[in-house]
Amino acid sequence: IYLSLLKVDAQLAALPSGEGDTVAAPPPLILNESERHLGQKTWVQLLGATLERNVAAAAGALDTPVLTEKAPAGGKESSASKPSQQAGGVPAKIATPLRTGEHDVVCNDETCLPRVSKPAVPGGSVGGEEVDRPARQVQHVFTEQTLSASSVVALYFSASWCPPCRRMSVLLKGIYAKLRALGHKFEVVMVSSDHEESDHDAYFCAMPWLAVPFSQARVRAELSELFQVEGIPSLVLLDGSMRSIISVDGVRLLSRHPMRFPWKSDPPPCTPSLHPLADRLLRRQPVDAGAQTLLPMYVPIDLLSQPVRVRSIVEAIAALRHCDKLCTLIAVQDHAVKNTAYLVIALVQQTFTALLPMPESPSASAEAKAKCVWRVEVDYETQLDAMVLLQRLTEHFAAAIFTVDHTRPIDAVRMVVSLCVGAVADAMMRKVAVDIPSPVCLHLMGGGAGGVEMGNANRGFAIGPGVLAKQ
């Protein structure tokens, strides 16, 4: 089997792509919470198989200021090129453009953008003179074995040509030494942004922590892209066990709270005693929701769409028809409309007491009878349509008025609206249709075929709200 695997590896390496040995496996299929760790990258996948560590870090090398310009002729530095000093010999904050030969980089007090192609650092050739570099004494350690025991791992993106990076390195070196002296499992891994290995070596020789080997350019580029590093210095704090991100703004976090290790909040305590019945709210078994049903549709009801005035028999019947439509929509949508009974009562009351004019009494003047909309001639279809609408509105009103509590205002509304409906119905029944006269109408008017059967001759019966109005 081993020999067969070697043959397969050789065949994959001989493919035209030339990347048979670097083909990555597909990502694992995560089906539940217990398998979530399978989707997280290991330290080897993040940082490579090995890291570099200084055998003996040079003390004070991090405080060396950056050379911003070449020395002028004659061996003396100009005031513009000499780095400013604060009290105690600590270099002051540099906020001037940094000349690097091929490109210019503007560094403020906190960061440098962008990364340059060939930076200038202490050491090497400056102004034609050679500057001594500290000896490079590093050892290679295994990534997984070194970082697996750390509680917090800080990825430090820095470069030798960046003045803010040098100030941050001095601060980080002091915090690193204090935390390690207190027994905290804190580790720093430097990710260099230099473009020359000699510059990286001269800068890293004073650092007591780990570093990604300069030869692993692909790993350094992938880390910058993974954590979206746009400027340096940048410090990304990772959880040592789960390799999850604690903070991507570690520079500010360590500057303000350097000793609050491990810089992450504790999970909320489990207090089942404070909620003794909370377990009853949990559904231990899946709940059957039943068959899928569509929610009932809702048709909007516009109670303000009623007409304002009625001036003819046609407008009166249209108002009755619209009132019947609104009452029907209210009645069939009680799942979405509240107080349906009171809405129907108010709508019918508005229609018969404020909108429709009442018929004039038989004793009214000829001018008043001429203006009455109910005394005009109509055909049989209009007469029947009006009576059917009055019947439907009466049913709506009766179904609503008898489902609410009996009070004096409700009793008054019940009597007045019923009398108004009866008056309009009496006025419509005491008409002789111009096309098909109704025998019932002729009988109520006292002009039936059988003679005077009910009431006085040529008088019939009449219902009007006149008596109620006087009361």
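User: Taking contacts between residues at least 6 apart in sequence, what share join residues at least 24 apart?
Analyst: That share is 69% for the protein chain. Keep in mind that this is a predicted model.

User: OK. How many helices and strands are there?
Analyst: The protein chain has 14 helices and twelve strands.

User: And how much of the chain is buried?
Analyst: Of the 471 residues, 34% are buried.

User: Let's go inside, then. What's up with helix α5?
Analyst: Helix α5 covers residues 197-204, and six of its eight residues are buried, so the rest of the structure largely encloses it.

User: Which ones are buried?
Analyst: D199, H200, D201, A202, Y203 and F204.

User: And what do they pack against?
Analyst: Quite a list: strands β1 (50-54), β7 (138-142), β8 (152-158), β9 (186-192) and β10 (210-211), plus helix α4 (163-181).

User: Switching to L47. Where is it, and is it buried or exposed?
Analyst: L47 sits in helix α2, residues 43-47. Its relative accessibility is 0%, so L47 counts as buried.

User: What does L47 touch, leaving out residues up to four places away in sequence?
Analyst: Its contacts are T143, L147, L155, V189, V212, V219 and L223. Take V189: L47 and V189 are 142 residues apart in sequence, yet their C-alpha atoms lie 9.0 Å apart in space.

User: New topic: how many salt bridges are there?
Analyst: The count is nine. Among them is the one between R218 and E222, at 3.2 Å from N to O.

User: Why can those two reach each other?
Analyst: R218 and E222 are four residues apart in helix α6 (residues 217-226), so about one helical turn separates them. In an α-helix there are 3.6 residues a turn, so residues three or four places apart point the same way. Side chains of opposite charge can then pair when their charged atoms come close.

User: Is that pair buried or exposed?
Analyst: R218 is exposed at 64% relative accessibility, while E222 is partly exposed at 40%.

User: Which salt bridge ties together parts that are 64 residues apart in sequence?
Analyst: That's D385 with R321, whose side chains meet at 2.2 Å, N to O. D385 lies in helix α11 (residues 380-401) and R321 in helix α8 (residues 313-332), so the pair links parts 64 residues apart in sequence. D385 is partly exposed, at 26% relative accessible area, and R321 is partly exposed too, at 40%.

User: What about D249?
Analyst: D249 forms a salt bridge with R252, with the closest N and O atoms 3.7 Å apart. D249 is partly exposed at 36% relative accessibility, and R252 is partly exposed at 46%.

User: Which residues are linked in a network of salt bridges?
Analyst: R53, R180 and E187.

User: Last one: which residues form a nonpolar patch on the surface?
Analyst: Y380, L384, V388 and I436 do, with about 330 Å² of accessible area together. L384 is found in helix α11, and its relative accessibility of 43% makes L384 partly exposed.

Notes: Residues are numbered from 1 along each chain as its sequence is written. This is a predicted model: local features need pLDDT of at least 70, side-chain atom pairs count only at pLDDT 80 or more; totals for chains, interfaces and linings use all residues. Side-chain values use heavy atoms; hydrogens and water are left out. A salt bridge is a side-chain nitrogen of Lys or Arg within 4 Å of a carboxyl oxygen of Asp or Glu. Buried means under 20% relative accessible area, exposed over 50%, partly exposed in between (1.4 Å probe, protein chains only). Contact means heavy atoms within 4.5 Å. Patches are made of residues with over 30% relative accessible area and no salt bridge: like charges are joined within 9 Å, nonpolar side chains (Val, Leu, Ile, Met, Phe, Trp, Tyr) within 5 Å. Accessible areas come from the Shrake-Rupley method with a 1.4 Å probe; for residues, only the protein chains shown count as cover.
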